Amino acid sequence: MSVHAMSSEQASAVKRRGHQREGEFNQRFGFPEAEINWSGSSADCLLNESRLPLGFAQWAARNNVLLGSCVSLKSGNTIQIHLGNLPELTNKEEYYAAKNALGQTVVDHGIPFEEQQDTLKSRAFWEKYLKKGDVMCYVDDLKGEYLFFKMDDVISFIIDKCEWRLLRTGRIKGDFFGKQVLTYEYRSRKKTFVLGAHGGSNGKKFINILKENLDVCVVEK
């Protein structure tokens with residue numbers, strides 16, 4: 001179930017579980033006394049060199065990752081990159097949203113798709129909205145694993161490998177090797193925009209693609 005289809009109670013439960021994961025991460029890899037990041041606009045956790053397993057230290061050395069780095073923590077079927085206004089992709093003064101004959105929400109972003117593509121291929125864009133830390137960690141509750149990726153590698157992979165296409169509805173889809181994974185779309189109920197790997201299990205699909213193509217450190221929970 002995607003976040004926008006949830007009730008407010010379900011969405012709150014997801015957020016509480018996310019903050020619980022931060023606490024668990026701090027106990028295992030960071031600083032147990034660290035405050036939870038409630039805003040979501042900065043890094044979620046910090047790595048504590050004294051708590052890191054040997055395998056992680058070897059991965060960090062191989063990838064020039066500092067052992068005290070900031071970490072952006074992800075989990076679940078959906079990975080949200082940004083919720084809210086993205087002026088690089090939508091002109092809030094000129095965009096237009098309406099329902100078509102099929103009841104679908106159709107959006108004109110007020111920015112040509114060619115310019116949107118250039119933005120989505122720029123490192124500055126992803127560093128602004130995705131790079132909340134030097135390390136991205138995905139918590140796989142089902143497999144009982146922490147998956148660590150160098151954030152710069154994740155950004156480079158998105159820039160180099162993601163192919164973007166514009167649908168008639170105004171949604172922008174991002175494909176990796178022919179598989180649809182990322183989406184930028186308008187949420188009519190809240191009148192806002194969202195960018196991420198959402199819909200179905202696209203969050204896990206995104207992580208699995210990263211795992212197959214990037215140097216990853218896997219640590220059992």
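What follows is a short tour of this model.

First, the ground rules. This is a predicted model, so local features need pLDDT of at least 70 and side-chain atom pairs count only at pLDDT 80 or more, while totals for chains, interfaces and linings use all residues. Residues are numbered from 1 along each chain as its sequence is written, and side-chain values use heavy atoms, with hydrogens and water left out.

Now the overall picture. The protein chain has six helices and twelve strands; these are DSSP runs numbered from the N terminus, helices being H or I of at least four residues and strands E of at least two. The chain has 221 residues, and 44% of them count as buried. Buried means under 20% relative accessible area, exposed means over 50%, and partly exposed is in between, with a 1.4 Å probe and protein chains only. Take the contacts with a separation of 6 or more: 60% of them come from residues 24 or more positions apart, a contact being heavy atoms within 4.5 Å.

Next, the sheet. Which strands form it, and in what order? The order is β3-β11-β10-β9-β8, five strands in an open sheet with antiparallel pairing. Two strands pair if DSSP finds at least two bridges between them. At the edges are β3, residues 79-83, and β8, residues 162-166, each of which pairs on one side only. On average, neighbouring strands of this sheet are turned by 20° against each other, direction ignored. The axes are lines fitted to C-alpha atoms, for helices over the stretch in contact, and angles run from 0 to 180 degrees between N-to-C directions.

β3 is joined to β11, residues 192-197, by four bridges, and the two run antiparallel. Ile79, for example, has Ala197 in β11 as its bridge partner. Helix α3, residues 113-120, packs on this sheet and touches β8 and β9, with its direction at about 155° to that of β8. Helix α6, residues 202-213, lies across β3, β9, β10 and β11, and runs at about 135° to β10.

On to charges. The whole structure holds ten salt bridges, counted where a side-chain nitrogen of Lys or Arg is within 4 Å of a carboxyl oxygen of Asp or Glu. In one of them, the closest N and O atoms of Arg21 and Asp141 are 2.4 Å apart. Arg21 is in helix α1 and Asp141 in the loop between β6 and β7, 120 residues apart. Is Arg21 buried or exposed? Arg21 is buried, at 11% relative accessible area, whereas Asp141 is partly exposed, at 34%.

Asp152 and Lys131 form another salt bridge, 2.8 Å from N to O. Asp152 lies in helix α5 and Lys131 in the loop between α4 and β6, so this pair ties together parts 21 residues apart in sequence. Asp152 is partly exposed at 28%, and Lys131 is partly exposed at 27%. A further pair, Arg187 and Glu185, meets at 3.3 Å, N to O; Arg187 and Glu185 are both buried.

β7 and β12 pair antiparallel over four bridges, and Glu145 has Glu220 in β12 as its bridge partner.
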